[in-house]
Amino acid sequence: DDSTTPTKVREYLDSIRELDTLKGMKWLLAMMSKGRDVSDFSPNVVKNVSAKSVEVKKMVYQYLVHYADFDDSCREIALLSVNSFQKDMAGANQLIRGLALRVMTSIRVSEITQIQLLAAQRCASDSSPYVRKCAAIALTKLNGFDAMVNQRDELIDILKKLLNDSS
């Protein structure tokens, strides 16, 4: 609905009702798909990173993947949710584990490269082929970071492990 105002969307995102949060996230994703810049909603979205609803969490993660490296402000805001990503990588849902790794490795901040590397290493041993695929993709992102120059051998070891995987 194009008649929804940004103020109303912020109210939806700050609501404790899951339905309202879902409505706000759907609006944001629709605007993103139209090519609109909705990066100024980052603080409101990050508040929902620990949502109980898998649907809301997936939408929040899609938003964060898109805007994690948008600018310095978005990067800093995304950093606030690193702890939630780590918790989600230990969760039961394979989609959430994979998405958490995708978002975490989309944040280009040198202070968390070691955390990102450990997360990729852990996900490379995951029981789910989907999560292991996400780990392989994460390695390509991590390899592109300037801060990862000293960890190239570790990246290669993880890659070898994934290449030896039968699935």
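Predicted model: local features only at pLDDT ≥ 70, side-chain atom pairs only at ≥ 80, totals over all residues.
How do H7 and H9 lie relative to each other, roughly parallel or roughly perpendicular?

Residues are numbered from 1 along each chain as its sequence is written, and side-chain values use heavy atoms, with hydrogens and water left out.

The protein chain has 10 helices and zero strands; these are DSSP runs numbered from the N terminus, with helices being H or I of at least four residues and strands E of at least two. Of its 167 residues, 48% count as buried, meaning under 20% relative accessible area with a 1.4 Å probe, protein chains only. The C-alpha trace spans about 50 × 30 × 25 Å along its principal axes.

Let's start with H1, residues 6–14. Its buried residues are Val-9, Tyr-12 and Leu-13. Down the axis of H1 they fall within an arc of 95° (taken from the directions from the helix axis to the C-beta atoms), so they line one face of the helix. They pack against H2 (18–33) and H3 (42–46).

Now back to my question. The axes of H7 (residues 94–104) and H9 (residues 129–143) come within 9 Å and cross at roughly 5°. Those axes are lines fitted to C-alpha atoms over the stretch in contact, with angles from 0 to 180 degrees between N-to-C directions. H7 and H9 are therefore roughly parallel, the word for angles under 35 degrees. Contact means heavy atoms within 4.5 Å, and among the residues making it are Leu-101 of H7 and Ala-138 of H9. Thanks, everyone!

Note on methods:
Buried < 20%, exposed > 50% of the residue type's maximum accessible area, 1.4 Å probe, protein only. Parallel < 35°, antiparallel > 145°, perpendicular 65-115°, else oblique.
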